[in-house]
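User: Got a model open here. Can you walk me through it?
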Amino acid sequence: MAMSSEAASQVLREAVRQTVSRYSIWFKIQSVLMVASGVLALAFPVTSSMALVNFLGWLLIVTGLIQALGLIGAGSVPQFWLQLVSVSLFLIVGAMFVRNSSGGLLAISMLVVVLLMIEGVSKISLALTIRPFPNWAWLALGGAVSVALSFYLAYRLPAASAWLLGALLGLGLITEGLALGYLSWRVRKPVPA
């Protein structure tokens, strides 16, 4: 017998509630660690940005090496040369990020500026599309803030690239940590045996 989508959603919500309730203490510890890491990332945004770019560089190198191992003996496979170019790019870009973190910071910061611009324009467009609905203006305001932030960061880019990624990482960790902590606090009732 098929289950309705509402019944399936209810089963999933209950399973999540039970899991979070059962391991509530671990979620609270994770929440505290995420918030503390986020505060440190905000306190030292330049160091956090450099560490993030180095981590990304090493991640690209390891991914490229794993892909290269998968290509050993696969010279007759279709698109072998295209895969080899992909592996080479992973290794080259990873090495560039590790060797010159500041150049990697600038490149990634430019991508963040473009992402903020696209995200802001899409939010404004969606807000104008759903305009009769309540609270559409908040969505439009959020989009306008993203667009304004992207222009500000684009104007300040060489200097902003040093702290931008660390600040975004810190804000993301704090937000997710607080959300996780709130979730684990809300379901603290013990699960019946």
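User: Leaving aside neighbours within four places in sequence, what is Lys123 in contact with?
Analyst: Lys123 is in contact with Leu139, Gly142 and Gly143. Contact means heavy atoms within 4.5 Å. This is a predicted model: local features need pLDDT of at least 70, side-chain atom pairs count only at pLDDT 80 or more, and totals for chains, interfaces and linings use all residues. Residues are numbered from 1 along each chain as its sequence is written, and side-chain values use heavy atoms, with hydrogens and water left out.
User: Which helix is Lys123 in?
Analyst: Helix H5, residues 101–129. Helices are DSSP runs of H or I, at least four residues, and strands are E runs of at least two, numbered from the N terminus.
User: Why does Lys123 count as partly exposed?
Analyst: Because its relative accessibility is 26%. Buried is under 20% relative accessible area, exposed over 50%, and partly exposed in between, with a 1.4 Å probe and protein chains only.
User: And how far is Lys123 from Leu42?
Analyst: 26 Å in space, C-alpha to C-alpha. In sequence, Lys123 and Leu42 are 81 residues apart.
User: Zooming out, how many helices and strands in the protein?
Analyst: Seven helices and zero strands.
User: What's the radius of gyration of the protein?
Analyst: 22 Å; a compact globule of 193 residues would have one near 16 Å. The radius is taken over C-alpha atoms, and the globule rule is 2.2 Å times the number of residues to the power 0.38.
User: How much of the protein is buried?
Analyst: Buried residues make up 26% of the 193.
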